[in-house]
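Please consult the sequence and the model while reading.

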Amino acid sequence: VPQEITKTVLRAVNNANRCLRTGVLTVRDAGCGHTGIFQIRSAIASGQISGPRLLIPGYPIAMTGGHGWDFAFEVDGPDAVRRAVRDMLRWGADCIKFMVTGGAGTQYEETDQVQMTPEELKAGAEEAKKKSKRTFAHCTNPQGALVCVEAGVDSIDHGTLLDKAALDVMKRSNSFYVPTLYVYSGIATRGKEVGLDEWMIKKAEGIIDSHKKAFQTAYKTGVNIATGTDLGSEKMERFGKIGDDLISEIELMVRYGMTPMDAIKAATYTSSRNLGIENSVGTIEKGKLADLVILDDDPLLDISNLRRVSQVMKEGKIVYKA
């Protein structure tokens, strides 16, 4: 087994444990970059290791040389995208991720670029829906968001440059928006401190103001806002430990104007709807899995109280006790 894969799997096991200690009980992976994540999912499901339930897309699907090309499935043209989705589903993917636009994490591209064609995205989304799988997209700009909505992609992640017109379309189509505020804020404010590349820091610095505005406009518009961090990579973990990073994301949502209750709902109920598992988790109701996080203090009074976890239950069993 290559040393790098072994190292990544060990990190994944450690991060799975961290998730439970912070009350994160369901995780949608955003693209691991190798197939070891499938074994991690199976090991958690069978009880061999402790961790949150995992929903995984396998490799993200990108154009050749597109965003995240170094850990994605690179394809070109509708037929190739269709085949790639079929391959991911054959491997056992729970969902499918598309790299639709440029981003801050890949050099020699910009966030205002659209990289996948409408025809490619439509073909990929159609294949996922044949097997009732949810789809999501790395998507930073309004043009890309409109392509996603037209193709039937369920969730738009990042949306750093989204404007009112695109958000109105997302609202009408009942799309979901996962803003991942903390990752861009962290790169811009702490990137130099933790040794990130200068080109990445400059990109993030150039979009954090528009990102804040996009989030605030989405909230006012009534778009479905779910919570995610995009901080699973080793490079990004330098300024946000897994589990803790989700609380940082929620805190930033509140700082940007979301009420504490709405921020908590974004991380629970709305996120469960985004993943298509709202009949099992996301709210405390009879007949659902008993996922519970018990806190020492009220997060509605101070959202940072989400960090004061005293006990965590997954499906009715205590998995962490302070």
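Gly124 has a relative accessibility of 0%, so Gly124 counts as buried; buried means under 20% relative accessible area, exposed over 50%, and partly exposed in between, computed with a 1.4 Å probe on protein chains only. The model is a predicted one, in which local features need pLDDT of at least 70 and side-chain atom pairs count only at pLDDT 80 or more, while totals for chains, interfaces and linings use all residues. Residues are numbered from 1 along each chain as its sequence is written, and side-chain values use heavy atoms, with hydrogens and water left out.

Gly124 belongs to helix α4 (residues 118-130); helices (H or I, at least four residues) and strands (E, at least two) are DSSP runs numbered from the N terminus. Setting aside neighbours within four places in sequence, Gly124 is in contact with Val81, Val85 and Phe98, where contact means heavy atoms within 4.5 Å. Ala84 is 40 residues from Gly124 along the chain, and their C-alpha atoms are separated by 8.1 Å.

**Nonpolar cores**

A nonpolar core is a set of buried Ala, Val, Leu, Ile, Met, Phe, Trp, Tyr and Cys residues joined through side-chain atoms within 4.5 Å. The largest one has 62 residues, and Ile96, Phe98, Leu121 and Met170 have the most contacts inside it. Helix α8 supplies the largest share of this core, 7 residues. Leu121 touches Phe98, Val100, Met116, Val147, Cys148, Ala151 and Val153, not counting residues up to four places away in sequence. A second, separate core of 7 residues includes Ala16, Ile37, Phe38 and Ile44.

**Strands β5 and β6**

Strand β5 (residues 95-99) and β6 run parallel and are joined by 5 bridges; two strands pair if DSSP finds at least two bridges between them. Met99 has His138 in β6 as its bridge partner. Of the 6 residues of β6 (residues 134-139), 5 are buried, so this strand is largely enclosed by the rest of the structure.

**Helix α9**

Helix α9 (residues 244-255) has 12 residues and reaches 17 Å from its first C-alpha to its last, close to the 16 Å expected at 1.5 Å a residue; the expected span is 1.5 Å times one less than the number of residues. Because 9 of its 12 residues are buried, α9 is largely enclosed by the rest of the structure. Its buried residues, among them Leu246, Ile250 and Met253, pack against α7 (181-190), α8 (198-221), β9 (224-225) and α10 (260-267). Just after α9, Gly257 takes a positive phi of about 120°.

**Aromatic rings**

The structure holds 2 aromatic pairs. Rings of Phe, Tyr and Trp (its six-membered ring) pair if their centres lie within 6.5 Å; planes under 30 degrees apart count as stacked, over 60 as edge-to-face and the rest as tilted.

| Pair | Centre to centre | Angle of planes | Type |
|---|---|---|---|
| Tyr59 and Trp91 | 5.7 Å | 65° | edge-to-face |
| Phe215 and Tyr256 | 6.3 Å | 50° | tilted |

Tyr59 lies in the loop between β2 (53-55) and β3 (61-62) and Trp91 in helix α3 (residues 78-91), so their pair ties together parts that are 32 residues apart in sequence. Trp91 is partly exposed, with a relative accessible area of 33%. Phe215 in helix α8 and Tyr256 in the loop between α9 and α10 are 41 residues apart, and their pair links distant parts of the chain. Both Phe215 and Tyr256 are buried.
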